[in-house]
Amino acid sequence: MTYSIRTLLGVAAAGVVALTSLLTLPHAYAHGNVTPQGVDTTGLPKMGDKWLEQNPYRGNKLALTVGTSAYNQNCARCHGIEAISGGIAPDLRQLDRDCFSIKNETKKQACYKETDNYYLTTIRHGKVRNGAVYMPPFEGVFNQEAMWAIKTYLETRRESN
């Protein structure tokens, strides 16, 4: 079976057009509707204007409920249902995995504090590399209470291996 040069050029041109259209789509389209959903933090202790360095809601059942809902509505599209990544974005169950096995309690708590700081910085300011937005900033969209409630949920999904 032989093809004319005209046919081959036509197929190549169609391929280039298809590829170009995929590459020029906004990155977020791959994840569906990424418009942030509001997070109702009613009933959670207020944090005020000063950003905390550690999760104040660890073990708080209401924060877990709020965080679970907020995660499912806003984070699961990229980070996976139940925080199990499908490969699009980091697996957040492993966010503080290095801390889990530390035997010295003081060092373990320092590790969790450092991880909390990394988490809060990331969720507030997002992640951008070479001009590409890998994660949008959520400061001004979520309040501090919502961000820490989501972290509380993630801590219950922690992978200990």
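**Ground rules.** I note that this is a predicted model, in which local features need pLDDT of at least 70 and side-chain atom pairs count only at pLDDT 80 or more, while totals for chains, interfaces and linings use all residues. Residues are numbered from 1 along each chain as its sequence is written, and side-chain values use heavy atoms, with hydrogens and water left out.

**Whole chain.** I looked up burial and found that buried residues make up 32% of the 161 residues in the chain; buried means under 20% relative accessible area, exposed means over 50%, and partly exposed lies in between, with a 1.4 Å probe and protein chains only. I then looked up contacts (heavy atoms within 4.5 Å), and of those in the chain with a separation of 6 or more, 63% are between residues 24 or more positions apart.

**H5 against H6.** I looked at helix H5 (residues 105-125) and helix H6 (residues 144-156), which pack at an angle of about 130 degrees with their axes 11 Å apart; the axes are lines fitted to C-alpha atoms, for helices over the stretch in contact, and the angles run from 0 to 180 degrees between N-to-C directions. That angle makes H5 oblique to H6, since angles under 35 degrees count as roughly parallel, over 145 as roughly antiparallel, 65 to 115 as roughly perpendicular and the rest as oblique. On the H5 side the contact is made by Asp116, Tyr119, Leu120, Ile123 and Arg124, and on the H6 side by Met147, Trp148, Ile150, Lys151, Leu154 and Glu155. I sorted the contact of H5 with H6 by class and noted seven nonpolar, no polar and four charged residues, where Ala, Val, Leu, Ile, Met, Phe, Trp, Tyr, Cys and Pro count as nonpolar, Asp, Glu, Lys and Arg as charged, and the others, Gly among them, as polar.

**H2 against H6.** I turned next to H2 and H6, whose axes come within 7 Å and cross at roughly 90 degrees; H2 and H6 are therefore roughly perpendicular to each other. Helix H2 brings Ala63, Leu64, Val66, Gly67, Thr68, Ala70 and Tyr71 to the contact, and H6 brings Ala149, Ile150, Thr152, Tyr153, Leu154 and Thr156. The residues of the contact of H2 with H6 divide into nine nonpolar, four polar and no charged.

**Core.** Which residues touch the most other members of the largest nonpolar core? Of its 25 residues, I listed Tyr71, Tyr119, Ile123, Phe142, Met147, Ile150 and Leu154, a nonpolar core being a set of buried Ala, Val, Leu, Ile, Met, Phe, Trp, Tyr and Cys residues joined through side-chain atoms within 4.5 Å. The elements giving two or more residues to this core are helix H2 (61-74), H5 and H6, and the largest share, seven residues, comes from H6.

**Ile123 and Pro136.** Pro136 is in the loop between strand S2 (132-135) and H6, and at 42% relative accessibility Pro136 counts as partly exposed. The C-alpha atoms of Pro136 and Ile123, 13 residues apart along the chain, are separated by 7.9 Å, and Pro136 touches Ile123 and Gly126 when residues up to four places away in sequence are not counted.

**Gln37.** I placed Gln37 in the loop between helix H1 (5-24) and H2, where it counts as partly exposed at 31% relative accessibility. Not counting residues up to four places away in sequence, Gln37 touches Gln73, Asn74 and Phe142.

**Loop between H3 and H4.** Is Ala83 buried or exposed? Ala83, found in the loop between H3 and H4, is buried, with a relative accessible area of 0%, and has a positive phi of about 65 degrees although it is not a glycine. Glu82, in the loop between H3 and H4, has a phi near 55 degrees but is partly exposed, with a relative accessible area of 42%.

Definitions and conventions
Helices (H or I, at least four residues) and strands (E, at least two) are DSSP runs, numbered from the N terminus.
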